[in-house]
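I would like to walk through one protein chain with you, slowly, going from the overall picture to a few side chains.

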Amino acid sequence: MVRCWKHSENRLEEAQCTDGGSAASTQSRFPHKAFWVSLSASLLLVVIALGVTGHLGLSQPHPESLQIVRITGPDQTGVLINQSAVVDQQNDLVTFSVTSAANQTSTVLFDTKHGLICYKPVDQKSCFLRKMEKSDYDNVHSLLHESTHKSHFQLSGNETRRQMEFLGVLADSQVDVSTLEEPLQALCQDSSIHWTRRVEGLGKQRLVYFCIDICFPSNICVSVCFYYLPE
C-alpha cells in the first residue's frame, strides 16, 4: 500500500500525494476488484521476473523455483492489505507487488544475493536503493526457504507487529543504471536511481513524500517512508 504523509507539530498526518493523487479519497470498497487487480499485478510480476532472469542472463529458473505468493490481512484501519510476491529461489530474489487502496501498484525487489532492496513507487520514474540489514534478511527468509508448498499467507490483525522505517533520499547520489547488478537494471531501466539511508525519525517540519507498506509472512508489516535529505 502506498500512502503520502506530511510531518507537522511532531506527528505524521495523511496528506495529498505530491504527484496529485489522493490516498484517502480513492479508498477501495470492493474487495473483489482489488483481487482482480492483485491477480493482474501478479501476472505482471511473473513477466518482470522472467525478464530479469532470462533476458539479462541470470540463471534461468526451473518452474518449481518460481512461485507466486499472496499475503493478505487487515491494516491498522481495518482496510484489507492485498499483496503478492514472485519468489525466485534459484536466484535469491523476492519481488513484491504492493497494491494501494487506490488500486495502484508499486514494486519492491529484495535481491538477497547482492544484499540490496530496490523500491519503485507507482507513477514515478524513480528507483530508490538501500543495503539490506539483518532484519530484512529475516523478513524474506520464510518466502525464500519455507514457502515452497504454501501460496497464501493470511495475517492476523491482532498479532501483527507494525513498524515504521524512515529512509532519507540522497538527492546528489544519482546512480548510473549500468553499474547495478542485472536484476536491478531490469526494474530501473529509464528511471532515475538514488541511494537512501535509514534515519531515526524525522527532522522538524520535514516532509514525507510517500510511504510503502510491506507485509511479510512472519506477521510483520513495515511502513517504509521516504523524504529528501538536504544536499
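What share of the 231 residues of this chain counts as buried? In this model, which is a predicted one, the answer is 50% of the residues. As for secondary structure, the chain comes to three helices and 14 strands.

Let me turn to the nonpolar interior. As a general point, nonpolar side chains in soluble globular proteins tend to be buried together. Here, the largest nonpolar core has 31 residues, and those with the most contacts inside it are Phe96, Val108, Phe110, Tyr119, Ile214 and Phe226. Apart from that core lies another, of 13 residues, with Cys118, Cys127, Leu184 and Leu187 among them.

Now to the aromatic rings, of which a search of the whole structure finds eight pairs. How are the rings of phenylalanine 110 and phenylalanine 216 arranged, edge-to-face or stacked? Their centres are 5.9 Å apart and their planes stand at 80°, so the pair is edge-to-face. Phenylalanine 110 belongs to strand E7 (residues 105-111) and phenylalanine 216 to strand E13, which puts the two partners 106 residues apart and makes this a link between distant parts of the chain. Phenylalanine 110 counts as buried because its relative accessibility is 2%, and phenylalanine 216, with a relative accessible area of 3%, is buried too.

A second pair, between phenylalanine 128 and phenylalanine 226, is tilted, with 5.4 Å from centre to centre and 40° between the planes. Because phenylalanine 128 lies in strand E9 and phenylalanine 226 in strand E14 (residues 220-229), this pair ties together parts that are 98 residues apart in sequence. Both of these phenylalanines are buried, and together with Tyr119 and Phe210 they form one aromatic cluster.

Strand E13 (residues 210-216) also holds cysteine 215, which counts as buried because its relative accessibility is 1%. Cysteine 215 and isoleucine 81 are 134 residues apart in sequence, and yet their C-alpha atoms are 8.3 Å apart in space. Isoleucine 81 is one of the residues that cysteine 215 touches, and others include Phe96, Leu155 and Cys221.

Finally, the charged side chains. In general, side chains of opposite charge can pair when their charged atoms come close. The structure holds five salt bridges, and I will take three of them in turn. Arginine 130 forms one with glutamate 165, where the closest N and O atoms are 3.1 Å apart. Arginine 130 sits in strand E9 (residues 126-131) and glutamate 165 in strand E11 (residues 161-174), 35 residues apart. Are these two partners buried or exposed? Arginine 130 counts as buried, since its relative accessibility is 4%, and glutamate 165 counts as buried at 8%.

The next bridge joins arginine 198 and glutamate 133, at 2.9 Å from N to O. Arginine 198 lies in strand E12 (residues 192-199) and glutamate 133 in the loop between E9 and H2, so this pair ties together parts that are 65 residues apart in sequence. Arginine 198 is partly exposed, with a relative accessible area of 31%, and glutamate 133 is partly exposed as well, at 34%.

Glutamate 165 and arginine 198 also meet in a salt bridge, at 3.0 Å from N to O. Through shared partners, salt bridges join Arg130, Glu133, Asp136, Glu165 and Arg198 into one network. Asp136 takes us to helix H2, where it is one of the buried residues, along with others such as Val140 and Leu143. Helix H2 (residues 134-145) has twelve residues and reaches 16 Å from its first C-alpha to its last, close to the 16 Å expected.

Notes:
Residues numbered from 1 in each chain as written. Predicted model: local features only at pLDDT ≥ 70, side-chain atom pairs only at ≥ 80, totals over all residues. Heavy atoms only, no water. Helix = DSSP H or I, 4+ residues; strand = E, 2+ residues; numbered from the N terminus. Buried < 20%, exposed > 50% of the residue type's maximum accessible area, 1.4 Å probe, protein only. Contact = heavy atoms within 4.5 Å. Expected span 1.5 Å × (residues − 1). Salt bridge = Lys/Arg side-chain N within 4 Å of Asp/Glu carboxyl O. Core = buried A, V, L, I, M, F, W, Y, C linked by side-chain atoms within 4.5 Å. Phe/Tyr/Trp six-rings, centres within 6.5 Å; stacked < 30°, edge-to-face > 60°. Lists of a residue's contacts leave out its neighbours within four places in sequence.
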